[in-house]
Amino acid sequence: WWLMYKYFTKEELTCKHCEEYSMSDEFMQKLDQLREDMGFPFKITSAYRCPEHPIEARKKSPGSHSTGRAVDIGVRGENAYKLIQGAIELGFTGIGVNQKGSSTRFIHLDDIENSDERPRPTVWSY
């Protein structure tokens with residue numbers, strides 16, 4: 001079943017804490033389409049994170065990564081701009097931008113639904 005995603009491997013999308021894979025198929029299809037539309041490769045720096053993952057465990061409640069509907073993509077400069085534009089066109093509803101430093105730059109993308117706790121659509125910076 002994994003061959004349905006053209007650009008991503010199961011390994012890069014699994015939780016680095018528990019090694020579980022729990023990405024949403026609908027989200028992954030959208031992410032695969034984004035990669036196709038961009039025409040350039042991008043590195044997933046964080047995808048699914050179980051609720052016990054150290055980053056999620058520090059939060060008041062687990063975030064969008066724990067839903068299997070979020071990724072962080074290592075990208076910068078003109079490609080970061082193009083990625084944000086393409087993500088909006090495909091209906092990603094949460095876009096977080098961290099473009100500080102040289103090796104830690106990333107764009108967070110999610111498509112979680114609007115709620116009182118997490119209003120969508122929205123853009124934020126880290």
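Visitor: Which residue forms a salt bridge with Lys59?

Guide: This is a predicted model, in which local features need pLDDT of at least 70 and side-chain atom pairs count only at pLDDT 80 or more, while totals for chains, interfaces and linings use all residues. Residues are numbered from 1 along each chain as its sequence is written, and side-chain values use heavy atoms, with hydrogens and water left out. A salt bridge is a side-chain nitrogen of Lys or Arg within 4 Å of a carboxyl oxygen of Asp or Glu. In the pair formed by Lys59, the closest N and O atoms are 3.2 Å apart, and the partner is Glu56.

Visitor: How many residues apart are Arg49 and Asp72, whose side chains meet in a salt bridge?

Guide: The side chains of Arg49 and Asp72 meet at 3.9 Å, N to O. Arg49 lies in the loop between strand S1 (43-46) and helix H3, and Asp72 in strand S2, where helices (H or I, at least four residues) and strands (E, at least two) are DSSP runs numbered from the N terminus. Both residues are buried. The pair links distant parts of the chain, with a separation in residues of 23.

Visitor: Within what arc do the buried residues of H4 fall?

Guide: The buried residues of helix H4 are Ala80, Leu83, Gly86 and Ala87. The arc is that of the directions from the helix axis to the C-beta atoms. Because the buried residues line one face of H4, the view down the axis places them within an arc of 130°.

Visitor: Which exposed residues does the face of H4 turned away from its buried side carry?

Guide: On the buried side, H4 packs against helix H2 (25-38), strand S2 (70-74), strand S3 (94-98) and strand S4 (106-110), contact meaning heavy atoms within 4.5 Å. The face turned away from that side carries the exposed residues Glu78, Tyr81, Ile88 and Glu89.

Visitor: What is the relative accessible area of Ser64?

Guide: Ser64 is found in the loop between helix H3 (54-57) and S2. Leaving aside residues up to four places away in sequence, Ser64 touches Arg69, Ala70, His108, Asp110, Ile112 and Arg118. Ser64 counts as buried, with a relative accessible area of 7%.

Visitor: How many aromatic pairs does the structure hold?

Guide: Rings of Phe, Tyr and Trp (its six-membered ring) pair if their centres lie within 6.5 Å, and planes under 30 degrees apart count as stacked, over 60 as edge-to-face and the rest as tilted. The number of aromatic pairs in the structure is five.

Visitor: How is the pair of Phe106 and Tyr126 described?

Guide: Phe106 lies in strand S4 and Tyr126 in the segment after strand S5 (122-125), so the pair ties together parts that are 20 residues apart in sequence. The ring centres of Phe106 and Tyr126 are 5.0 Å apart and the planes stand at 45°, so the pair is tilted.

Definitions and conventions:
Buried means under 20% relative accessible area, exposed over 50%, partly exposed in between (1.4 Å probe, protein chains only).
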